[in-house]
Amino acid sequence: MTELLKSLRTWPWHIVAPVLLFVAVAVLAPWLTPYDPAAQDYMSILQGPSWAHWLGTDYLGRDLLSRIIGGARVSLTAMSIVLLAALILGVVVGSLAGYIGGRFEVVMISAIDIFLALPSLVIALALIGIMGPGYWSMIVALTLAWWANYARMSRAVVVAELRQPYIEAARIMGANHLHIFSRHILPSVLALVVVYASADAGALVLAIATLSFLGLGVEPPTPEWGQMLVDGMGYLEDNPALVILPGLALTLVVVSFNLLGEAFALSKVPRPARGLTLSRRRRDRAKEEAARAQVEARP
Amino acid sequence: MPDFPAIQTSGVKVHFRIAPGRFVKAVDGVDLAIPAGTFHGIVGESGCGKTTLARTIVGLQSATEGEISIAGRSLSNWRRADRKGLARKMQFVFQDPLGSLSRRQTIEQSLEEPLIIHGVPDRRKRVEALLDLVGLPRTALGRLPRSLSGGQRQRVGIARALALDPSILICDEPLSALDVSIRAQIVALFADLQAKLGLTIVMIAHDLAVVREICSSVSVMYLGRIVESGATERVFDDAAHPYSQALLSAVPSPDPRIETTRERVILAGDPPSPSNPPAGCRFNTRCPLVFERCRNEEPVLNPATHGGLAACHLSQADQHATI
């Protein structure tokens with residue numbers, strides 16, 4: 001626990017903060033929105049910014065600020081469900097394939113490859129075509145379009161880990177499969193896959209907006225950014241904010257998730273030692289050396 | 001105490017298929033009986049199958065043929081009926097101490113793991129006792145393997161192997177990944193542990209000087225077979241098999257007078273491929289004393305005229321060979 005607190009100070013806060021802001025806005029949306037995002041008010045249609053409506057209103061008199069905040073909540077919810085479902089499905093299928101091996105692995109890999117060969121949005125569109133549009137069919141379609149990535153990665157990690165001598169050591173200690181899997185394999189799989197998923201979150205938010213933009217995702221009364229873009233397009237000349245603001249919100253969220261994913265990836269992948277990095281490495285090595293010396297100096 | 005050997009192998013073969021119909025015969029008929037309480041070394045050049053033999057004995061590798069028994073009970077029976085019991089009886093020390101410890105686990109977690117698997121109570125106390133046993137300070141507990149030195153990591157590996165209080169320890173080249181300066185300490189640790197805990201230790205090694213120093217008996221392997229076995233002193237001073245003579249003559253002597261006049265047997269060529277061993281005696285392609293019979297008839301491991309066991313037509317005690 002103290003380790004975690006210590007590492008908290010070295011976190012790249014300027015990168016984490018925007019993502020946290022998005023999550024906070026989404027979670028607190030019901031308390032932040034000044035109006036019900038779906039409430040129509042025909043007395044104030046297509047208004048510009050005012051004290052009553054900070055960001056103006058759309059063609060049905062709905063408060064734009066409330067709709068953007070509400071949209072954040074819808075995006076976050078849908079994205080979290082899809083990400084969680086895809087992670088669970090991918091990790092379970094991929095790990096089992098890697099752990100069991102043999103013919104089962106070959107079959108699973110082929111299935112994963114089929115899903116990976118097609119662009120995920122194409123898969124999602126095809127599945128929605130079969131199931132019909134709607135919130136839950138969008139969730140299912142996106143999950144099925146996304147899981148293969150995680151399955152492939154999980155399998156690769158499992159296969160690499162299984163070859164490590166420490167797994168053999170656990171076997172010799174009499175550990176059963178469940179112990180080896182939960183104590184050694186799963187943590188390594190999650191360490192990689194969760195990092196990758198954090199970078200994927202942005203792409204998912206975008207995919208949800210795309211499907212809703214096409215009218216295949218979140219249904220109309222619910223505020224959703226992609227849908228707001230379509231709604232606003234007809235009134236581009238009257239109130240460009242109707243298109244610009246949801247677009248801006250979407251862009252910022254996607255960019256901040258991508259930056260977060262990149263920061264995670266960079267701290268994982270060793271970079272070429274040059275300049276500042278080299279001096280930091282030297283410092284790290286000196287620290288490690290000191291730790292070693294401390295252990296060596298027996299009491 | 002029981003009168004059966006701690007480890008017995010009879011006709012153990014491990015063949016790896018490399019192509020249809022082609023096998024690498026890594027271990028090809030090993031008979032070994034190691035009495036309880038001995039420190040047994042297994043030596044031989046690279047690729048002779050020593051590591052495969054060790055992995056087969058602990059069950060990491062399944063034998064293609066032959067029978068292994070641990071404390072009088074067959075390995076397959078142990079593994080089928082009492083895997084945890086086997087783990088408490090026999091443990092393994094790995095060659096690569098870093099790879100054999102999980103890089104995510106602290107030393108404490110690594111040492112605790114066997115205790116958790118076997119539901120041992122009072123883990124913290126046992127872990128501390130293990131640290132004392134292998135000479136590591138308490139401060140090592142919270143560290144990750146990569147912030148320890150090679151020697152310390154190997155101490156952790158040994159401590160973990162001893163956590164369940166086994167009576168048999170199989171060590172696969174436990175010293176070869178260590179610096180020479182650290183080796184002496186770990187050798188001393190092994191000798192100390194063997195004396196203190198009365199362990200049966202089988203140590204795979206290619207550092208012959210180390211084997212000579214700590215092992216009470218030794219087997220020499222060549223191309224998947226044991227060519228000679230016996231008490232360390234006897235094998236090193238008066239080897240019966242020409243291959244042992246050649247291998248052991250490579251050990252330098254600390255005495256310069258002996259070192260300058262020491263007779264060295266230099267073998268010509270490489271060992272034959274283990275996928276296609278020569279007919280007759282396996283050593284006949286490189287043996288300086290080869291004669292007709294060696295090319296036709298494979299010698300078996302029999303009591304040698306020198307004492308111990310040797311697989312050579314020239315040294316069988318029961319029939320004085322005539323060339």
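Mentor: Let's start with the ground rules, then take the chain contacts, a surface patch and the salt bridges. This is a predicted model: local features need pLDDT of at least 70, side-chain atom pairs count only at pLDDT 80 or more, and totals for chains, interfaces and linings use all residues. Residues are numbered from 1 along each chain as its sequence is written, chains are lettered from A and ligands numbered from 1 in written order, and side-chain values use heavy atoms, without hydrogens and water.

Trainee: How many residues of chain A are in contact with chain B?

Mentor: 27 residues of chain A touch 36 residues of chain B. Contact means heavy atoms within 4.5 Å.

Trainee: And what area is buried between them?

Mentor: About 2600 Å², with 53% from carbon and sulfur atoms. Buried area is the accessible area (1.4 Å probe) that two parts lose on being put together, summed over both. Ile172(A), Met173(A) and Val295(A) supply 29% of what chain A buries against chain B, more than any other three residues.

Trainee: How many salt bridges are there between chain A and chain B?

Mentor: Three. A salt bridge is a side-chain nitrogen of Lys or Arg within 4 Å of a carboxyl oxygen of Asp or Glu. Arg103(B) and Glu161(A) form a salt bridge at 2.8 Å, N to O.

Trainee: Which helix of chain A gives the most to that side?

Mentor: Helix 8 of chain A, with seven residues. Helices here are DSSP runs (H or I, at least four residues), numbered from the N terminus.

Trainee: New topic. Which residues form the nonpolar patch?

Mentor: Leu84(A), Ile88(A), Val92(A), Leu96(A), Ile100(A) and Phe104(A), with about 550 Å² of accessible area together. Patch residues have over 30% relative accessible area and no salt bridge, and nonpolar side chains are joined within 5 Å. Accessible areas use the Shrake-Rupley method with a 1.4 Å probe. Helix 4 (residues 64-100) of chain A gives the largest share, five residues.

Trainee: How many salt bridges over all chains?

Mentor: 22. One of them joins Lys50(B) and Glu173(B) at 4.0 Å, N to O.

Trainee: What does that pair tie together?

Mentor: Lys50(B) lies in helix 1 of chain B and Glu173(B) in the loop between strand 7 and helix 7 of chain B, so the pair ties together parts 123 residues apart in sequence. Strands are DSSP runs too (E, at least two residues).

Methods
Patch = residues over 30% accessible without salt bridge, like charges linked within 9 Å, V, L, I, M, F, W, Y side chains within 5 Å.
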